[in-house]
Amino acid sequence: MRIIAGELKGRRLATLADSRIRPTSEKVKEAIFSMIASYLDDAVVIDLFSGTGNLGLEAISRGVNLVFFGDKSHKSMELIRKNIQYCRVEKKCITILGDWKQILKKIAKPVDVIFLDPPYEEGLLEDCIETIQAISLLNEGGIIVAEHGIRQALPNTLGSLVKIKEKKYGTVVVTIYSQQLED
C-alpha cells in the first residue's frame, strides 16, 4: 500500500496482517481521489474507521490542511501514528481513539470531507451519516465519501444529503453524498 499522488507520492505505508483491517485498494483509492479532487484544496477531513490511515494520508499528500483520524482499535491507532510519523505530517494530523460516535463528538468544528469506510458487515453507514447531520459536522458544500460492499444499497437522499456519485469496483461501491444547499 502506497501513497499514489501528490507531495508524499510513492511512500509505502505500513499495514497489519489482520483480516479485520481492509485498506482501500490502490485502484479504488485512485478513483475516489479523481472524483473528489476539487474538494481537497485546504480542506479539513475526517478519516473515520481509519484502519491504516491510508485515505487520510493520501488526502494530505494531495493538499488538505488537516485530517482527523479515528478508529476504535488500539493496534490500528498505533499503525496510523507510525504511518503519520513516517510521512512526517504530524502537524496536519489529529488522532482520536474510540468508538465512531465518541470520535465524531470530539471534533468541534464542521469539516469539508468525511471518509467513511466501516466494516461492511456491521451496517453502520446510515447511522454514521445521520449522526454527522445531527451534530452539523459537515460544512455547507462538503461531501461524505462512503465505501461499502455491493450488497449494501444506500438511498439517493439521507436527510439534507444528496447522492452525487456512485461507482462500483468489483465487490466495492463508493458512494459520494453532498450537502444539499438551502435555496
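Beyond residues up to four places away in sequence, Ile60 touches Leu8, Val67, Phe69, Val89, Lys92 and Cys93 (contact: heavy atoms within 4.5 Å). The structure is a predicted model, in which local features need pLDDT of at least 70 and side-chain atom pairs count only at pLDDT 80 or more, whereas totals for chains, interfaces and linings use all residues. Residues are numbered from 1 along each chain as its sequence is written, and side-chain values use heavy atoms, with hydrogens and water left out.

Ile60 is also one of the residues that touch the most other members of the largest nonpolar core, together with Ile32, Ile36, Leu57, Phe115 and Val145; this core has 33 residues. A nonpolar core is a set of buried Ala, Val, Leu, Ile, Met, Phe, Trp, Tyr and Cys residues joined through side-chain atoms within 4.5 Å, buried being under 20% relative accessible area and exposed over 50% (1.4 Å probe, protein chains only). Helix 1 provides the largest share of this core, six residues. A second, separate core comprises 25 residues, among them Leu125, Ile132, Leu137 and Ile144.

Ile3 lies in the segment before helix 1 (26–36); helices (H or I, at least four residues) and strands (E, at least two) are DSSP runs, numbered from the N terminus. Ile3 is buried, with a relative accessible area of 0%, and its contacts include Leu57, Glu58 and Ser61.

Arg88, located in the loop between helix 3 (74–87) and strand 3 (93–97), is exposed, with a relative accessible area of 71%. Ser136 occupies the loop between helix 5 (125–134) and strand 5 (138–149).
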